[in-house]
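Thank you all for coming; I would like to take a few minutes to walk through one model with you.

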Amino acid sequence: MLTTTASSPVAEVSAERVAGGDRRLSLGRLPALALASASGLALVSVADALSRSGRPHAELLFWLGLLVIFVPIVDRLASTAPRRGERVALLLLLGVALYLVKVLRDPFAFTTADEPLHQYNVLQILHSHALFGSNPILHVTPLYPGLESVTAALSSASGVSTFAAGLVVIGVARVILTLTLFLLYETVTGSGRLAGLATALYAANPHYLFFSASFSYESLALPLALLAAFAVVRARPPSGAALRGWGIVAVAAILAVVVTHHITSYGLVALLLAVCLVPQSWWHARPWRPWVFAATAVAATGAWLLFVASRTVGYLSPVITNAIAETFQTAAGESATRGLFSSGTGQGQVAPAWEHLVGIGSALIIVAALPLGLLVLWRLYRDQPLVVVLGCASVAYVGTLPLRLVPAAWETAARASEFLFVGVALVVALAAFEALDRLWMWAPSLSHVAAWAAAGVLLVGGVISTSTSADRLAQPYRVSTAGADVDPPGVAVARWAREVLGPGRPMAAYDADARLLMVYGREYAFTASNFDIKSALETPMLHRWQLDFLRHDGIRYVVVDALRASANTSAGYFFPRHPIGPHDRFPAAAVTKFERAGAQRIYDNGNIVVDDLKGVSDAAVVP
Amino acid sequence: MRLWFRELVLPVLAASCGAAILVLSAGSPARVIAGVALVLILPGAALGRAVLPRGERIPEHLLVALGASAVLVALGAIALDVVGIPLEPTVWAPVLVILTVVGSALGTLRAGAAARDRGLRSKWTGLRLAPVRPTEALMIGTSLALIAGALLLGTTPLRAPGGSAGSTALWIEANGARRAAAIARSGDLQTARYELSVTVDGRTVAAAPSFRLAPGEQHRVPVPPPLRAGARVGALLYRLDHGARRLSRRVDLTLGSVPLASAATGP
């Protein structure tokens, strides 16, 4: 049972309990805030248009648009005025508006690193009418076909493209995420106001704007995992109907998470076990422990790993062991630290000073808010096991912040933020109410300004910490010319390969080109993320062992791109925005070596050529 | 009477969507709506009616409708795959209709007619939308217009930045072992003039002097017969700029060496 003090900010909102029933669907401030969000979205769209056409001032409009979407809604959610229906509607508005920011960045195709790989899996399902195909770049993805099977079902049922179907499925996942976060927070805290603010603050999680909105298995698995957690919480006795009904939903959601994403399923197992193991107060005669659901999650995850996706161990273990090893090396001063405020692809861009300040400021706000929030949490919710676990998650989040300085661990740490921020958002919301309500009694107008500023810094800082300027804004993908709309050269090569060579040919190419070959050419493309392929593409001479390797994998065609951007899965899909200089190209010797060894150039579009290795003789390569 | 009408809403909707998926052409607006409803909403909504305790409110039902639909489709796909049933529209449509109908029927059976009626009353009675004022309607209408404008601008191709360059592609297309053509296709960002010459075993056999290629257009130069199997066909594409002639693209093909697209099998 919730215990509050009379002066607690949560006390006043606890009057608006879950059990309370307003029966009138009032719009409240929804129309005005919808207008604000639409205006923000329009600003972002203009910013993207400026970026796509190479004009200045795009960044300013982008940030302004984000703040116009986010801050007014957070301000409204923080007040006691909205009814439950308005809170839910505002949160859905916020979630969908921020999702559309990502859609506007990539309006023509999936262009982040993993998206084309999942799209290829969907195409495989549509082509073969079966699951568990193969993926030449990310081998484990076909073993977790949850996202792809839903997308393929929608694509085949409605007849829309896999891109359109993917956008709809991830949009629905965003709605599920928003609803489930609100209902979960509301159920465990008993406060709609707290739940609304915490759900909105979750949008300040560094990966919320782009990564969580990308067409990737985690984007569906995390909402389903939270749905499972919410259903488990609602399935508690004494109500038999609730136990049965929500229990069925919980078990189904757990199974769906297991078949959708490996890490999320492990995270769900950890969450459920933690809820079972949290010590509960002695006055609970029969403390509630969701052992049945935890056991179901453990058994399903273990069985899937053992009998279907055992390859996952080999996929994940190097990532984890490298992260751990390099963390120790960095701590011991044996490895260099990673520069902050750059994307993982490291395009050498240096973020401006204000971005450093805001990024660090957002982390400091979280670190400063946690002690106060945890204090309130302990005072009010220590008998709620899930809230205690979420409090621990918020502390773990702070523990992951230093890992962003470690090159091999930063991505793991950043990806963990999606999970741990579920706790951070709740604890920061608790701290915000505690602090702002005290400030309100002292200086009401100042409390509003402080809340707006803090919310803005949290959101902007989160986006800054995981993306560069080029990653945030749309880039020229489909461009308008006098005669027709033109797609990038990499897409043209892929379409040519499908048309002339036919689909399914094993090929070698740099990372971005390989992904385009898979989606638009339906080719079986090996890429430079494989060490041997990378070597075969980059060395100035073709060696015998490289040729043997290519032959071993049945690779007859090599797509050779002279531009270094083709090795970059952030920048490699687009038309270059600046004139190409010598430093933007690979050495000529590396580009022409296959032809020097006897390969035939069967396609040439300037920067990209396709070489046929059939004519390469062993005598022509370096022994 | 009213009760049975309500109980039939989901099954009838599902059956209509299923029929639309099987009958209407791919990508038509009605089929898109039917596909979204049948894959992402109706099965979960039916499951929610079947299992959720009475008294749950709209957000909970909406959550279960969307979440459980994704769950059922994901798990259903694995079940179908395991028993060897192909995942195609003619399978998805009836399976999802059946799931929805079974969920609705379970909901009806579980509650019983009278109890269900009371449950529906308790959930919906007194729920009404507050009157929408003209200013609110104006704001909502403006919001929708702004969002539509933002999406329209976002999905409209624009002129490329100044530094961007397109690409004109050149290749030789073999048609069997003894016929071929050289093809130039413009993916350039502006119209340009080209000259194309074709060689067989090093001897020039065809040429296309000074032709224009606009973006998206292609120019095809057939290689004159007779051609022997194994002949080496080459093509050179020159770009003509203000009287200057610059070699732009070059390709080679040994006839019979490249498999035809129709022979591809996939991995």
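This is a predicted model: local features need pLDDT of at least 70, side-chain atom pairs count only at pLDDT 80 or more; totals for chains, interfaces and linings use all residues.

Let me start with one pair of residues: A:Tyr603 stands opposite A:Val610 in strand β8 of chain A. Residues are numbered from 1 along each chain as its sequence is written, and chains are lettered from A and ligands numbered from 1 in the order in which they are written.

The pair I mentioned belongs to β7(A), residues 600–604, and β8(A), residues 608–612, which run antiparallel over four bridges; strands here are DSSP runs of E of at least two residues and helices runs of H or I of at least four, numbered from the N terminus, and two strands pair if DSSP finds at least two bridges between them. Three residues lie between the strands of this hairpin, and there A:Gly606 takes a positive phi near 105 degrees.

Where does β7(A) pair with chain B? It pairs with strand β2 of chain B, residues 167–174, in the antiparallel sense over two bridges. In β2(B), A:Tyr603 has B:Trp171 as its bridge partner, and A:Asp604 stands opposite B:Leu170. Five of the five residues of β7(A) are buried, where buried means that 20 or more other C-beta atoms lie within 10 Å of a residue's own, exposed means 12 or fewer, and partly exposed is in between, with C-beta atoms placed from the backbone.

Now to helix α19 of chain A, residues 489–501, whose 13 residues should span 18 Å at 1.5 Å a residue, and whose end C-alpha atoms are 17 Å apart, which agrees; the expected span is 1.5 Å times one less than the number of residues. Ten of the 13 residues of α19(A) are buried, among them A:Trp496 and A:Leu501. The cover over these buried residues includes β7 and β8 of chain A, and also β2 and β3 (180–187) of chain B. Just after α19(A), A:Gly502 takes a positive phi of about 90 degrees.

Turning to the interface as a whole, 100 residues of chain A are in contact with 91 residues of chain B, contact meaning that the C-beta atoms, placed from the backbone, lie within 7 Å. Helix α2 of chain A, residues 30–52, gives the most to the side of chain A that touches chain B, with 13 residues. The residues of that side divide into 60 nonpolar, 26 polar and 14 charged, with Ala, Val, Leu, Ile, Met, Phe, Trp, Tyr, Cys and Pro counted as nonpolar, Asp, Glu, Lys and Arg as charged, and the others, Gly among them, as polar.

From the side of chain B, consider helix α7(B), residues 134–154, which has 21 residues and reaches 30 Å from its first C-alpha to its last. Its buried residues are B:Met139, B:Ser143, B:Leu146, B:Ile147, B:Ala150 and B:Gly154. What covers the buried residues of α7(B) includes α2 and α4 (84–105) of chain A. On the other side of α7(B), the exposed residues include B:Pro134, B:Leu138 and B:Leu152.

Lastly, chain A overall: it has 23 helices and eight strands, and buried residues make up 60% of its 623 residues.

Note on methods:
Two residues are in contact if their C-beta atoms, placed from the backbone, lie within 7 Å.
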